[in-house]
Amino acid sequence: MVYRDLREFLEVLEAEKQLIKIKDEVMPEPDLSAIGRSAPNMDSAPAVLVEKVKGYKNSVVLNVHGSWQNHALMLNLPKDTPVKDQFFKLKELWDKYPIKPVWIDKKDAPVKEVVIDTGINLFEVLPLFRINEFDAGFYLSKALIVTRNPNHPDSYDEQNCGMYRIQVKGKDKVAIQPMPFHDIAVHLKNAEEKNERLPIAICLGNDPVLSFMASTPIAYVQSEYDFAGALKGEPVELTKAENSNLDIPARSEIVLEGYIEPRVREIEGPFGEFPGSYSGARLQPIIKITKITHRKNPIFENLYIGMPWTEVDYLVALNTSIPLYEQLKRDFPEVEAVNAMYTHGIGAIVSTKSRFGGYGKAVAMRLLSTPHGMSYTKIVIIVDEFVDPFDLKQVMWALTTRVRPDKDVFKIPCAPGMPLDPSSEPAGIHTKLVIDATTPVAPDFGRDCELLGTPVDAEKWSEILRNLVKEGGNK
Amino acid sequence: MKCPRCDSELVSVMVKSPVGDAWEVYLCDTCKFSWRSTEGDNITDPEQYDKRFKLNPAEFNTFDQIPPIPKLLKK
């Protein structure tokens with residue numbers, strides 16, 4: 001890859017005109033969240049580096065993943081690569097799993113350039129700010145969080161890197177939200193059953209592929225670091241944490257180390273969440289921060305979450321789609337592509353050939369029984385293999401011309417649901433909706449109809465027209 | 001000073017700005033709400049804080065635990 005960490009990726013973005021730098025001082029509120037909201041609304045949707053924030057020492061970067069252009073550059077593709085092509089490139093890289101990391105000595109790890117172990121004050125290092133108006137406080141919304149299973153502390157495979165929201169509650173105290181179905185909840189449960197502290201590392205400002213993998217629903221014993229290596233085509237560099245056996249990215253900007261207090265729950269939230277609404281306040285675990293290590297002049301990377309689409313929607317788009325695709329493809333080889341990028345897979349569209357009548361419905365039910373689809377996915381649309389599930393115009397064509405609501409639409413009541421979806425009631429329970437928009441095949445049947453074709457030479461003319469546009473018209 | 005969100009008077013200064021005398025951040029010890037002195041009245045003024053987001057400390061023990069605390073293993 002052409003970049004090894006966040007800093008080097010920002011250089012790539014700048015060279016590709018996908019980075020804006022703000023040199024004038026801004027206020028933490030409301031400027032930073034307003035910038036985070038505005039950037040993904042732009043056509044180019046660049047990352048934004050804010051160099052000076054009133055009252056703080058360090059810079060902030062927002063919207064690093066917040067466009068298809070930035071997403072393509074993360075995958076080393078030209079920035080105008082279509083989404084479906086990015087999906088298949090990601091699939092190709094995915095299959096290179098695992099590429100194991102390399103460990104570098106602490107003294108050579110950039111993230112250890114500065115070590116703070118007394119007088120911890122998060123505000124000295126992090127330019128913290130309120131993300132949405134009624135958030136309970138200042139949040140870390142883009143942290144790669146590392147824990148191990150205390151019952152198997154030497155197990156690298158069970159080590160988890162996930163992205164969970166973190167509320168700052170003091171100079172050296174934060175709160176975390178581990179949902180019961182998240183891998184970290186397994187580690188916490190094992191620690192709390194023994195009334196033990198759970199060591200934790202909160203890594204900020206990472207190689208974009210690492211943040212991407214921390215947001216990806218992979219299997220419990222699969223390693224996010226090994227996947228990141230696969231996506232990069234070379235090992236990521238790790239080093240050891242100061243206070244525990246945890247493996248942390250050697251090139252992160254900032255790492256907060258500490259432990260989850262066992263058997264303690266304290267009020268946390270509300271927080272503006274990815275479905276575009278606030279979660280309620282709940283009782284959640286707290287973390288004591290005991291050490292901070294960081295690079296010189298660290299860059300604080302955070303994520304604005306707003307009404308979709310904002311950066312988070314790009315961060316959990318194709319990496320939600322690929323695991324579902326892999327799980328479906330194993331048993332249903334006719335599946336062509338999966339687009340599960342609507343609100344972290346609450347909505348999903350699958351394109352597939354139909355081997356026999358009713359096949360689309362079977363594919364939908366399989367999706368709803370995958371580990372991620374089971375709790376997150378509420379609405380599934382199945383389309384024919386020649387429909388691009390990433391092109392909503394084509395999907396709407398399939399819905400309007402292929403669906404017979406009397407036989408192609410069904411519901412599954414009282415199934416597992418995603419608690420943060422405000423329509424999940426009680427929280428954690430959904431009724432699933434399946435719409436089979438595939439063309440009927442035997443023994444099912446529909447009226448005979450033949451599809452329109454594409455004029456000969458359409459592809460040639462598409463290229464001619466594209467080139468004319470690039471050249472500024474046929475002068 | 002009162003907490004804008006739950007009206008508790010158990011409020012402390014969490015931190016002062018690391019650079020200059022730019023702002024202070026306050027923390028409510030009752031509902032753990034935090035806010036900055038430079039934020040608008042919609043955040044800092046208990047009278048103007050949106051009523052839909054006000055919290056009543058008497059209800060805190062009815063909130064869900066995420067995740068639930070497991071039983072201790074017998075030694």
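Biologist: A:Pro443 sits in the loop of chain A between β25 (429–437) and α15 (458–470). How do I read those labels, and is the peptide bond from A:Ala442 to A:Pro443 cis or trans?

Modeller: Helices (H or I, at least four residues) and strands (E, at least two) are DSSP runs, numbered from the N terminus. This is a predicted model, where local features need pLDDT of at least 70 and side-chain atom pairs count only at pLDDT 80 or more, while totals for chains, interfaces and linings use all residues. Residues are numbered from 1 along each chain as its sequence is written, chains are lettered from A and ligands numbered from 1 in the order in which they are written, and side-chain values use heavy atoms, with hydrogens and water left out. Now your bond: most residues other than glycine have a negative phi, and most peptide bonds are trans. The one from A:Ala442 to A:Pro443 is cis, with omega near 5 degrees. Another cis bond joins A:Glu29 and A:Pro30, with omega about -5 degrees; A:Pro30 is in the loop between β1 (19–22) and α2 (31–38) of chain A.

Biologist: Which residue has a positive phi of about 55 degrees although it is not a glycine?

Modeller: That's A:Cys414, in strand β24 (residues 409–416) of chain A. To talk about the surface, call a residue buried under 20% relative accessible area, exposed over 50%, and partly exposed in between (1.4 Å probe, protein chains only). A:Cys414 is exposed, because its relative accessible area is 62%. A:Thr343 also has a positive phi, about 50 degrees, but at 21% relative accessibility A:Thr343 counts as partly exposed.

Biologist: And is A:Glu301 buried or exposed?

Modeller: Buried, with a relative accessible area of 0%. A:Glu301 belongs to strand β20 (residues 299–301) of chain A. Look for a polar contact, a pair of N or O atoms within 3.5 Å (within protein, one must be able to donate a hydrogen and the other to accept it, and residues adjacent in sequence count only if both atoms are side-chain atoms). The side chain of A:Glu301 makes one with the side chain of A:Lys142, at 2.5 Å.

Biologist: How many residues does the largest nonpolar core have?

Modeller: In soluble globular proteins, nonpolar side chains tend to be buried together. A nonpolar core is a set of buried Ala, Val, Leu, Ile, Met, Phe, Trp, Tyr and Cys residues joined through side-chain atoms within 4.5 Å. The largest here has 134 residues, and A:Phe123 and A:Ile202 are among those with the most contacts inside it. Strand β11 (residues 198–204) of chain A gives the most to this core, with six residues. Apart from it lies another core, of 17 residues, including A:Ala281 and B:Phe63.

Biologist: How many residues of chain A are in contact with chain B?

Modeller: Contact means heavy atoms within 4.5 Å. By that rule, 47 residues of chain A are in contact with 38 residues of chain B. Buried area is the accessible area (1.4 Å probe) that two parts lose on being put together, summed over both. Between chain A and chain B this is about 3500 Å², with carbon and sulfur atoms giving 65%. A:Phe134, A:Ile267 and A:Leu283 supply 19% of the area that chain A buries against chain B, more than any other three residues.

Biologist: How many salt bridges does the rule find across the interface of chain A and chain B?

Modeller: A salt bridge needs a side-chain nitrogen of Lys or Arg within 4 Å of a carboxyl oxygen of Asp or Glu. The rule finds two across this interface. B:Glu39 and A:Arg130 meet in a salt bridge through their side chains, at 2.7 Å from N to O.
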